[in-house]
Every structure is written in structure tokens, then in C-alpha cells.
Amino acid sequence: MTSPAPTDSARLISDGRATLGIEFGSTRIKACLIGGDFATIASGSFEWENEFVDGRWSYSIEAVRAGLQASYAALIADVQAKFDVVPTTFAAIGISAMMHGYIALDAGGELLVPFRTWRNSSTGPAAAELSDALGFNIPLRWSIAHLYQAVLDDEPHVSEIASLTTLAGYVHHLLTGRNALGVGDASGMFPIDPATSSYDASMRQIAQERLDARTSGLDLAALLPEVLPAGADAGTLTDAGAALLDPTGMLRSGIPFCPPEGDAGTGMVATNSVAKRTGNVSVGTSIFAMVVLDEPLRAVHAELDVVTTPVGDAVAMVHCNNGASELASWARVFGRFSEASGAATPMDDVYTTLFAEALEGDADAGGLLSFNYLAGEPVTDVEDGRPLFVRTPGSSFTLANLIRSEVFGAFATLSIGMEILADEDVRVDRLLAHGGLFRTPGASQQLLAAALGVPITVETTASEGGAWGIAVLAAYLERASETTLAEFLDGEVFGGSEAVTVEPTPADEAGFAAYLERYRTALPLQRAAAAATPTRSNPTTPKEGAAS
């Protein structure tokens with residue numbers, strides 16, 4: 001996609017025909033403005049970090065509001081610098097954010113406890129009991145697991161809960177006054193029935209009975225947000241919402257909103273992976289793979305989520321809590337070295353250099369081993385993770401092998417989870433990768449192909465990310481009555497885009513297999529490291545640079 005001429009973009013923006021998407025990622029809140037050809041014409045961002053508050057990972061609601069305003073202000077500054085105009089309205093707006101977690105609100109819409117993010121793994125008893133009762137895997141990070149765990153723990157705030165939502169749903173409600181979610185985001189709160197594209201009624205009844213046996217006054221049907229498919233009317237910007245988003249007062253109310261979606265749904269859109277038998281891999285602070293199913297799974301697997309596309313089709317999801325953060329930490333170390341040596345190197349160039357070096361390493365990373373576990377990892381049954389780098393005296397400790405080991409370490413848990421999909425005979429016609437890691441072409445794509453044993457495709461939009469994806473979903477509002485989302489993406493959004501596909505090489509596959517065998521054998525080191533090094537009270541996740 002090619003951006004239109006500046007004068008055309010300025011007129012588009014002045015006329016209110018541009019579309020705005022805002023996504024709350026794990027390290028960055030990004031605003032993205034697209035035109036009629038879906039190319040990005042302006043953007044703005046705000047960096048933030050999660051905090052470890054009272055034993056749980058969280059972002060403050062004050063940071064949510066401040067980050068929303070700051071990312072929008074940065075977008076407006078970019079528009080002014082490029083086109084010398086200030087937008088007062090848009091064709092449509094969409095909000096996206098990290099899926100799952102727990103936002104519990106009272107009758108006045110006030111937060112009852114700090115936002116509990118997807119990263120928290122303290123819901124084991126609730127998730128296990130619900131999974132057994134429903135015959136459906138309820139992961140630790142799902143909203144219903146957090147709610148039921150709060151009930152099991154007899155937390156005082158439970159009696160005051162009036163509604164539950166996700167981060168995207170919370171921001172959407174601030175801006176529109178409507179308590180609604182896109183079906184993809186809702187599928188991370190409670191199981192969705194693909195036949196109705198809404199919460200599974202029979203499972204909701206079973207969960208209600210469990211709640212009633214433990215407490216009173218919680219009506220699950222009333223607590224959960226309304227579920228909407230892509231293309232549905234999800235409300236309009238209120239006067240209060242316009243004042244929150246743009247305190248300068250330039251932005252007018254009345255702008256239509258698409259249903260708010262999770263980062264998994266916007267990832268599917270950003271990679272054109274909403275049709276059945278397509279899949280995508282997203283790499284950021286977490287890493288996950290999603291495959292749109294053409295038939296149900298044969299069995300329940302604790303390692304797999306079953307969520308949905310933004311239109312409600314079932315998706316098998318392998319979600320790993322730990323992604324590229326540890327790799328980013330190493331990159332910052334080398335970036336600081338270049339700065340200290342008097343030859344400061346931009347971080348994108350640091351990644352390019354390190355990834356190129358990784359391709360020169362031994363196929364199995366020379367006997368080195370890396371764990372990227374900044375948090376617990378349910379896929380490998382690790383409750384409390386520690387980043388580790390391990391080598392033997394006889395291993396080949398070179399820069400190339402170090403970086404190759406770190407990249408392999410970022411993909412190892414995902415590979416373990418994907419083995420289950422292979423055992424289920426899940427068919428995938430194409431697997432696309434996206435996220436900031438793929439801004440740097442070459443090694444990340446090649447080594448991911450080796451880790452998963454399948455060809456990996458990267459579209460030219462791979463680094464656009466979720467803000468662009470939710471902007472596209474907002475643009476779909478005008479076309480939803482005429483075409484399906486899959487047809488819209490294929491024919492209009494991605495019709496002229498370019499893609500690069502990399503096949504796994506036998507040598508890389510064999511090298512990764514040897515690496516993964518070492519990785520599995522060494523997993524007990526995680527428990528020993530966690531026991532020996534208690535987590536400090538208030539750590540933060542570092543910014544990820546090119547890997548965010």
C-alpha cells in the first residue's frame with residue numbers, strides 16, 4: 001500500500017474521512033490514522049510499563065487515561081507536522097487492547113481493585129475447577145478465572161461488582177458510554193458458542209451455579225459485556241469521551257465506533273488471517289499463535305485456548321506469557337555498549353546486526369540455552385519464571401550462538417504448544433508472522449520457520465500492528481452490510497500488498513530440535529531459580545524497542 005499525496009491526505013483528514021485506531025499494547029499505546037486505501041498516514045504513541053502491585057501485574061487506570069490522551073496528542077502533532085491540518089472528526093474509531101485479565105467495576109463505573117492483566121497466573125484453583133466443570137479449557141488469564149478466584153478467595157470487593165470488562169472494553173466505555181465488546185475480545189472473558197457468536201448459554205449456567213454455591217448477588221449474564229461481531233454498530237463518541245480523548249476541545253462528538261477488540265483479533269486482521277485454515281504468530285511481550293479452525297478440536301487441551309475471530313469463528317490459540325522481552329534486554333545491553341564505546345547505534349540497527357549474526361551461528365546455538373521466562377509460563381507448567389542463560393564449559397560461546405539461543409528461547413514454548421495442534425491434525429494453509437520483531441527481516445522469520453517446521457510469511461503490513469488492525473476494523477463499518485470481513489481483507493485491504501515467505505531449512509530444523517531437547521530437560525532449573533531468587537516487590541517490564 002502506498003500513501004496518497006500530502007495534499008490528498010490533508011483534504012481527507014480535513015473532511016473527516018480518515019479512520020482512527022488506538023491499541024493499548026503491553027509496552028506502547030499507539031494511535032494510527034489510515035486513509036481510504038488503508039495506508040497509514042499518521043501515527044502517535046506513548047510508552048508505558050506494567051507494575052508489580054501487591055503481588056500482581058497491573059497498569060494504573062490513571063496511566064490508561066494519560067496514555068490515551070498522550071498517544072492521541074502525538075498523532076495530532078504528526079498530522080500537523082505532515083499536513084498542516086488539525087482533525088475535528090473521523091470516519092470511524094476503533095479501540096483495541098491486550099486481551100484477558102480482570103477489570104471489576106462498581107455501580108458507578110469505578111474500579112474496585114487494580115487492573116489484573118493477562119500476565120497474572122494466580123488463578124490456578126479457579127481455572128482448574130471451571131475447566132473441569134465446563135469441559136472446556138479456561139486458561140489462568142481469562143476474566144472468568146479471575147472472577148471465580150476472587151470468589152474462592154473471598155475477596156471483599158466481590159459483593160460490590162456491578163460489571164466486568166477488558167481493557168479495550170473499559171476504554172471503549174469511557175469514550176462511548178456503551179458496555180460492549182467485539183466477539184474476539186469477549187472470547188477471552190468467557191467461552192463463546194460459535195453457533196450464536198455470543199457467550200455459551202449452557203456453560204454460563206454451569207458457571208452461574210458454581211458462583212451461587214460460593215456467594216450471592218453475582219449475575220454473570222448481567223456482569224458480562226454485550227457481544228458484537230465485526231462491522232456492528234458499537235456506539236458513538238460522547239461529549240465526555242471527546243473531552244477525554246482530546247482535552248483541547250477540537251474533536252467533535254458523534255463519531256461511530258466499531259466493536260472494541262483484543263490484540264489477538266487485531267493481529268488476525270493485520271495478517272489477513274480471519275478465514276478458516278489460516279493462522280498467524282504474534283511476537284511481542286507475549287507470543288502466541290492462532291489458527292482458525294475448520295472443525296472443532298477432538299479433545300480439551302490445557303495448553304490451548306479456544307477463542308474466536310472478530311466475526312465469531314473458532315480459533316485455536318497457543319498463548320505463551322513470555323515473548324521477546326528478554327531478547328530486547330540483550331539488545332539494549334549491546335546498544336548501550338555501542339553508545340559507551342563512542343559509536344552510538346540506533347536500536348533498529350542493533351537488532352539488524354544481532355539477527356544477521358544469529359544466522360552465522362551453529363544450527364543448535366552451539367550448546368547454549370536461554371529461557372525468556374520473566375513471568376510464569378502455563379504451557380510448560382512453570383508457575384514463577386526466571387530469565388536464564390546456561391552454558392557448559394564445552395559449549396561454543398560466541399555472539400552468533402548467544403543471539404541464536406535467545407531467538408530460539410523466545411520461540412521454544414510456542415513450539416511445544418504447537419505440537420498439540422499437529423497431534424489434532426489441525427490444517428493450516430498459511431501461517432503469517434507479525435509484530436515489531438519482524439520489522440527486522442531475515443533471522444527472526446527464518447528461525448521461527450525452523451521452530452515451527454512450517455513456511456512463515458511476513459506481509460508488508462507486519463510491523464503495522466494492532467493499532468492499524470483496529471483502524472481497518474473501524475473502516476469495515478461502512479462495508480459490513482455488503483461483504484464479509486474475509487472478503488473485505490482479501491479484496492480491498494490486502495489486494496495489492498506484498499509478502500515474503502521463508503521455508504524452514506533441514507539444517508535449521510535439526511538444530512532447533514536439538515536445542516528444544518536441551519530446553520525440555522532443563523525446565524526444572526526454573527523451579528530452582530525461582531526458589532533461590534524471590535521476586536522483588538515492584539519490578540517492571542522493560543521497554544522493548546524494536547521487539548515491542
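Start with a term: on a 1 Å grid over the protein atoms alone, a cavity is a set of points where a 1.4 Å probe fits but cannot get out. Grid points are joined across faces, edges and corners, and a volume is the space filled by probe spheres set on the points.

This is a predicted model, in which local features need pLDDT of at least 70, side-chain atom pairs count only at pLDDT 80 or more, and totals for chains, interfaces and linings use all residues. Residues are numbered from 1 along each chain as its sequence is written, and side-chain values use heavy atoms, with hydrogens and water left out.

**Stop 1: a cavity**

The structure holds 3 cavities of 30 Å³ or more. Go to the second largest cavity, with about 50 Å³ of space. Select Met98, Met99, His100, Trp118, Asp263, Ser286, Phe288, Met317 and His319, which line it. Lining residues have an atom within 4 Å of a point. This lining divides into 5 nonpolar, 3 polar and 1 charged. Here Ala, Val, Leu, Ile, Met, Phe, Trp, Tyr, Cys and Pro count as nonpolar, Asp, Glu, Lys and Arg as charged, and the others, Gly among them, as polar.

**Stop 2: aromatic rings**

Now select Phe371 and Tyr519. Their rings form a tilted aromatic pair, 4.4 Å centre to centre, with 35° between the planes. Rings of Phe, Tyr and Trp (its six-membered ring) pair if their centres lie within 6.5 Å; planes under 30 degrees apart count as stacked, over 60 as edge-to-face and the rest as tilted. Phe371 lies in strand 18 (residues 369-372) and Tyr519 in helix 17 (residues 506-522), so the pair ties together parts 148 residues apart in sequence. Helices (H or I, at least four residues) and strands (E, at least two) are DSSP runs, numbered from the N terminus.

Buried means under 20% relative accessible area, exposed over 50%, partly exposed in between (1.4 Å probe, protein chains only).

**Stop 3: two loops**

Select Asp54, in the loop between strand 4 (51-53) and strand 5 (56-58). Its phi is near 50°, a positive value. Most residues other than glycine have a negative phi. Asp54 is exposed, at 74% relative accessible area.

Finish at Asn272, in the loop between helix 10 (263-270) and strand 14 (278-283). Phi of Asn272 is near 55°, also positive. Asn272 is buried, at 6% relative accessibility.

Definitions and conventions:
On a 1 Å grid over the protein atoms alone, a cavity is a set of points where a 1.4 Å probe fits but cannot get out, and a pocket is an open set with protein on both sides within 12 Å along at least five of seven lines; lining residues have an atom within 4 Å of a point.
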